[in-house]
Amino acid sequence: MRTKKTKTAILRNETAINNIQSFRKDLLDNAYSENTAKGYCNDIKLYACWCENVENDNQTLDFLTREYIVGYKDYLKRDMRADAKTINHKLSSLRKYNEFLLDKQKTSSLVIIKKDMCKIQTEFANPTTITDKDVEEFITDIKNNKKYTSLRDYAIVFLLAYTGLRISECLSIQFDDIDWKHKELTVAGKGNKQRTVYLSDKVCKVLNDYLKHNRTKENYGDNINSDYIFISNRSNKLTTSRINQIFDEYNDKIHPHSLRHYFCTHALESDMNLHEIANQAGHSSIQTTMRYTNPTKEAMRSKMNRL
C-alpha cells in the first residue's frame, strides 16, 4: 500500500463528521473529560483524512478495516517518523472508536489487535522538566504584567503550581467547590472521580485577592454572575485553549501540565509522602506517583557525563 504525506487535516465527508460527533457525545456521556474526548476525536479525524487524502477513499467511518489500520500504522512510522508512544496513542484512539462502533452495532469485530501496539521500554525518569527558579520567574512575570487579567492569570498559575490540579480541574472550579473554613477544594477528576484537594494559606490568599480585587463587573461584565471561579470578559468559563495561549505569551518552556509535574516533585522534596501526593494529584495508581522519586532526565545526563 503506497503512502505519501498528507498536507492538511480537513475532513469533508459529512457522514464521517457526524460519526465523529456521535463518538464525542458518547465519550462525554460516559464521563470522559472534554479534553480526552477532543483528543480521541482529533485522532479519528486525522485517520479519516489519511484515508481520504492518501488512499483516495472517501471514508464515512461507519466501520474500520484491518487493511487500512495496518497501512495507517506504516504511514505514521515510515512517512511521519512518529515515535512508538505517538503511534500507540493514535491506535488506542482508533480502538476506542472501534469499540464505540461495536457498542452501536455498526460493526461486528475489533480490527485493532494487541500486537499492533508498539513495544516501549518503560521510562523511569522523573517527568519534571522545570526548576523552582523557572516557576518563580514565570509566576513573577505574570503577576507584574499590567493587563487587567494579570491577577486572574496569576491565581491560575499559582493554583496549578501549588496544588497539583489538572488544568481542566482548575477551570471547572465553582464557588460551591471551595470550603474556605477548612481550606479544602472538592474536585471531579478523571472518570468523574471526586477527591478533596488541600489548599495552603498562600493559595487561599492568592485566590481571595483575585476574587476581591479583579473579578469585577468593570473587568468581566455580566460574566461575574457565573458559578465558575475563572471567567473572561467574553465567556462565563475560561477554556483550556485560552490558558495555553496565555502560557505561550510568557514562556515556551512551561505549560499547564509541566506545573503539575513540578508540584509532585516539589511536594516530595517538601516531605509529603507518596500517598499524600497521589491523593492531592488524583493519581489512580501509586506507580504513577513513584515516578517522581526518580532523577530527571537532565540529572541522569549529568551523572552520565561524570563517568
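Helices here are DSSP runs of H or I with at least four residues, numbered from the N terminus. The model is predicted.

Ala-31 is found in the loop between α1 (14-29) and α2 (34-53). Its phi is positive, about 70°, although Ala-31 is not a glycine. Most residues other than glycine have a negative phi. Ala-31 is partly exposed, with a relative accessible area of 34%. A positive phi also occurs at Arg-81, where the value is near 55° and the residue is again not glycine. Arg-81 lies in the loop between α3 and α4. Arg-81 is exposed, at a relative accessible area of 70%.

Two packed helices are described by the angle between their axes and the distance between the axes. Helix α3 (residues 66-79) packs on helix α4 (residues 84-103) at about 155°. The two axes are 10 Å apart. Angles over 145 degrees count as roughly antiparallel, and α3 and α4 are therefore roughly antiparallel to each other. Their crossing is right-handed. On the α3 side, the contacts come from Ile-69, Tyr-72, Lys-73, Leu-76 and Lys-77. These residues meet Ile-87, Lys-90, Leu-91 and Leu-94 in α4.

Asn-88 also lies in helix α4. Residues under 20% relative accessible area are classed as buried, so Asn-88, at 12%, counts as buried. Leaving aside residues up to four places away in sequence, Asn-88 touches Met-117, Cys-118 and Ile-120. Asn-88 and Arg-66 are 22 residues apart along the chain, and their C-alpha atoms are separated by 16 Å.

Helix α5 was considered next, in terms of its length and its buried side. Helix α5 (residues 132-143) has 12 residues, which should span 16 Å at 1.5 Å a residue. The C-alpha atoms at its ends are 16 Å apart, in agreement with that expectation. Five positions in α5 are buried: Asp-134, Val-135, Phe-138, Ile-139 and Ile-142. They cover an arc of only 120° around the axis, so they are on the same side of α5.

Key: Residues numbered from 1 in each chain as written. Predicted model: local features only at pLDDT ≥ 70, side-chain atom pairs only at ≥ 80, totals over all residues. Heavy atoms only, no water. Helix = DSSP H or I, 4+ residues; strand = E, 2+ residues; numbered from the N terminus. Expected span 1.5 Å × (residues − 1). Buried < 20%, exposed > 50% of the residue type's maximum accessible area, 1.4 Å probe, protein only. Arc of directions from axis to C-beta. Axes fitted to C-alpha atoms, helices over the stretch in contact; angles between N-to-C directions. Parallel < 35°, antiparallel > 145°, perpendicular 65-115°, else oblique. Left-handed = near helix turned anticlockwise from the far one by under 90°. Contact = heavy atoms within 4.5 Å.
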